[in-house]
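Biologist: I'd like to go through this structure with you. Can you take my questions one at a time?

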Amino acid sequence: MEKIYNKLVRDNIPEIIKSNGGEPIYRKLNDDEYWKYLLLKDKEELQEVEEAENLEERKKELADKLEVLKAMAEFSGFSLSELMEEASEKRDERGGFDKRLFLEKVIDK
């Protein structure tokens with residue numbers, strides 16, 4: 001039986017498939033493909049966060065999303081710590097999301 005995936009997977013997945021008796025067919029993506037599939041993977045992980053049925057599952061899915069974000073940053077030439085520094089600077093300037101503010105509209109005067 002054959003199952004088609006056509007998606008970006010973590011580095012150890014082919015070995016895990018082999019250890020479970022399967023035969024993985026895979027290839028290394030070029031830069032354009034890699035970025036495209038990182039974006040798709042990010043959307044996939046967001047959907048899995050949305051569908052998590054409890055907090056433990058949500059934590060695992062958020063960790064997966066963080067791993068994708070780390071790969072996206074590194075592919076773009078940034079370390080995760082540089083990204084965190086940028087996020088901190090934006091938080092200092094514009095705030096975070098702690099207050100849960102929802103902007104409905106702005107009336108110009």
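This is a predicted model: local features need pLDDT of at least 70, side-chain atom pairs count only at pLDDT 80 or more; totals for chains, interfaces and linings use all residues.

Biologist: Fine. What volume does the largest pocket have?

Modeller: The largest pocket has a volume of about 1,500 Å³. It is lined by 36 residues, and those closest to its centre are Lys7, Leu8, Val9, Arg10 and Tyr26.

Biologist: Which elements give two or more residues to the lining?

Modeller: Helix 1 (13-19), helix 2 (31-51) and helix 3 (55-75) do.

Biologist: And which helix gives the most?

Modeller: Helix 3, which gives 7 residues to the lining of the largest pocket.

Biologist: How many of the lining residues are nonpolar, polar or charged?

Modeller: The lining of the largest pocket has 18 nonpolar residues, 15 charged ones and 3 polar ones.

Biologist: How does anyone find empty space in a model?

Modeller: A probe the size of a water molecule is rolled over the atoms, and this shows where empty space is left.

Biologist: Change of topic, salt bridges. How many are there in the whole structure?

Modeller: A search of the whole structure finds 9 salt bridges. As background, side chains of opposite charge can pair when their charged atoms come close.

Biologist: Pick one. What does Glu44 form a salt bridge with?

Modeller: One partner is Lys7, with the closest N and O atoms 3.2 Å apart. That pair links distant parts of the chain, since Glu44 is in helix 2 and Lys7 is in the segment before helix 1, 37 residues apart.

Biologist: Is Lys7 buried, exposed or partly exposed, and why?

Modeller: Lys7 counts as partly exposed because its relative accessible area is 39%, and that class lies between the cut-offs of 20% and 50%.

Biologist: What else does Lys41 form a salt bridge with?

Modeller: Lys41 also forms one with Glu45, where the closest N and O atoms are 4.0 Å apart. Both lie in helix 2, 4 residues apart, which is about one turn of the helix.

Biologist: Are Lys41 and Glu45 buried or exposed?

Modeller: Lys41 is buried, because its relative accessible area is 13%. Glu45 is buried too, with a relative accessible area of 5%. The cut-off for buried is under 20%.

Biologist: Which residues are linked in that network, then?

Modeller: Lys7, Lys41, Glu44 and Glu45 are linked in a network of salt bridges.

Biologist: Now the surface. Which residues make the nonpolar patch?

Modeller: Trp35, Leu39 and Phe75 make a nonpolar surface patch of about 230 Å².

Biologist: Where is Leu39, and how accessible is it?

Modeller: Leu39 is in helix 2. Its relative accessibility is 34%, so Leu39 counts as partly exposed.

Biologist: What about backbone angles? What is the phi of Asn6?

Modeller: Asn6 has a positive phi of about 45° although it is not a glycine. Asn6 sits in the segment before helix 1 and counts as exposed because its relative accessibility is 64%.

Biologist: And the phi of Arg100?

Modeller: Arg100 has a positive phi of about 55°, and it is not a glycine either. Its place is in the segment after helix 4 (80-94). Arg100 is exposed, with a relative accessible area of 74%.

Biologist: Last topic, distances. How far apart are Ile4 and Ala63?

Modeller: Their C-alpha atoms are separated by 25 Å, and the two residues are 59 residues apart along the chain. Ile4 lies in the segment before helix 1 and counts as exposed, at 60% relative accessibility.

Notes. Residues are numbered from 1 along each chain as its sequence is written. Side-chain values use heavy atoms; hydrogens and water are left out. On a 1 Å grid over the protein atoms alone, a cavity is a set of points where a 1.4 Å probe fits but cannot get out, and a pocket is an open set with protein on both sides within 12 Å along at least five of seven lines; lining residues have an atom within 4 Å of a point. Grid points are joined across faces, edges and corners, and a volume is the space filled by probe spheres set on the points. Ala, Val, Leu, Ile, Met, Phe, Trp, Tyr, Cys and Pro count as nonpolar, Asp, Glu, Lys and Arg as charged, and the others, Gly among them, as polar. Patches are made of residues with over 30% relative accessible area and no salt bridge: like charges are joined within 9 Å, nonpolar side chains (Val, Leu, Ile, Met, Phe, Trp, Tyr) within 5 Å. Accessible areas come from the Shrake-Rupley method with a 1.4 Å probe; for residues, only the protein chains shown count as cover. A salt bridge is a side-chain nitrogen of Lys or Arg within 4 Å of a carboxyl oxygen of Asp or Glu. Buried means under 20% relative accessible area, exposed over 50%, partly exposed in between (1.4 Å probe, protein chains only).
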